[in-house]
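Here is a walk through one structure. Keep the 3D view open and follow along.

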Amino acid sequence: MPLLHLSLPPHRLLVAGRGRLYFPPAPRHTRLSVRAAAGDAAMSVAAEAYGFPFPSERASHHRELAAAAAVVERACRLCVDVKRSLFSGGKSILEKNDQTPVTIADFGVQALVSLELQRLFPSTPLVAEEDSASLRSSNADDDSSDVLVESIFSAVSDKVSKSSSLLTQDDVLRAIDRGGKDAVSFDSNPATYWVLDPIDGTKGFLRGDDALYVVGLALVVNGKVTVGVMGCPNWTNDTIPNEKDGSAAACNGRGILMVSHLGCGTWSRRLSPEIGQSTTAPDIWKRCFVDTCSVVHMARYCIPDSQTWDMIPLSVLFNSTTGESDPRNENEILLLSVFCGSLCKYLTVASGRTSVFVLRARPTTQIKSWDHAVGVICVQEAGGQISDWSGKPLDLAADLTSRRIIYPSGGVLVTNGALHDKLVEMISANYK
């Protein structure tokens, strides 16, 4: 498969001081003419449609949460539609410089989310995974990039809000680049910005089966993750045990939408069957809690798909098995390996399906903020705990100017909270 490479930095957004923003003027033909009043009206509709199960006065960023939930649902529908036609013909998959795949859906989701957030919150920057460099590269003998851009434009224009009806292909490419690596520059002060992983688990998305993948969007406010939304179209378990009251949390059938707001908990419900079919009934939302396991060898673990148990310091103390029904002794743990991508694993911890997610940092691999930001708040608000292997919280501002990379000591540890201190102690004692 030929690779497409070209670095074309988009307009640059500077974030200075306490989150003050400077936008260099974009060419007039690329601007979307949307009035602020229209954005406010759209937000009121979104907030009403989602009928969150906590009062808005408790959630200082209620508007942002409603917007995030609405656009993540639209993005999930885009993914489902693209996946349905992904292998019907034409070039729809690229390979990035790090040899990871990227699809029409990755680009389409980033463009869609960028357009919607820019319409509603134009002063809040976006940090996201993709950029349009490969899409913009072309030569006289290969029109594959034009085909890709047309496919992405078609996918996005079908899902974007009607107020953006004058959308062009250039608008879509610029929307993708709004979240790219050259789009924003921060300073050392706490900042407010969105963090997006358009598709976490692209390899699973490409498998053509029911492997899990997640659209993840978080809002960082003054350096702290405050709002988080994850959508997982292939979530299939009929019930998720609710450890607090024994009831079943969302989601009967296929697809889950998980939302979190600082101080308001983590909640989930089924994805709406179609765009615009959200219900206002608050009782469709079910509270999510981590599991209550407090015995290390009885917990359910997951690790990255690219890593093996012997890479984790706990392997010095415990063997692993993947058989859930197999009897286990005190020297053996259950390792679940059916999930693709890091956010999928955060989702399973926040829902109580697994107890622990452990990731080892490696010198050859950067750990990206979008693979963790939304997962952090969803797990924390469900009662869990996240840290690096030394027990320190993840520092999303460690990458001072771009907020794209995190540097956890040793790796990342995500737990149900009850096991956290024990596991930090065990990992620290055996980490070399």
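Asp197 touches Glu129, Val214, Val215, Gly216, Leu343, Trp370 and Asp371, leaving out residues up to four places away in sequence. This is a predicted model. Asp197 sits in strand β7, residues 193-200. The residue is buried, because its relative accessible area is 1% and the cut-off for buried is under 20%.

Now turn to Asp371, one of the contacts of Asp197. Asp371 lies in the loop between β19 (367-368) and α9. Its relative accessibility is 19%, so Asp371 also counts as buried, given the limit of under 20%. With neighbours within four places in sequence set aside, Asp371 is in contact with Asp197, Asp200, Ser342, Leu343 and Tyr346.

What does UniProt list for "binding site"? The unreviewed entry names Glu129, Asp197, Ile199, Asp200 and Asp371. These residues span 243 residues in sequence, yet no two of their C-alpha atoms are more than 9.9 Å apart, so they gather at one spot.

Next, the helices. Helix α8 covers residues 342-350, and helix α9 covers residues 373-381. Their axes come within 9 Å and cross at roughly 5°. That angle makes α8 roughly parallel to α9, because angles under 35 degrees count as roughly parallel. Which residues meet here? From α8 come Leu343, Tyr346, Val349 and Ala350. From α9 come Val374, Gly375, Val376, Cys378 and Val379. The residues of this contact divide into eight nonpolar, one polar and no charged.

Leu343 links the two parts of the tour: Leu343 is touched by Asp197, is in contact with Asp371, and takes part in the meeting of α8 with α9.

Conventions: Residues numbered from 1 in each chain as written. Predicted model: local features only at pLDDT ≥ 70, side-chain atom pairs only at ≥ 80, totals over all residues. Heavy atoms only, no water. Axes fitted to C-alpha atoms, helices over the stretch in contact; angles between N-to-C directions. Helix = DSSP H or I, 4+ residues; strand = E, 2+ residues; numbered from the N terminus. Parallel < 35°, antiparallel > 145°, perpendicular 65-115°, else oblique. Contact = heavy atoms within 4.5 Å. Nonpolar A, V, L, I, M, F, W, Y, C, P; charged D, E, K, R; others polar. UniProt positions renumbered as here; feature names shortened; annotations may be inferred. Buried < 20%, exposed > 50% of the residue type's maximum accessible area, 1.4 Å probe, protein only.
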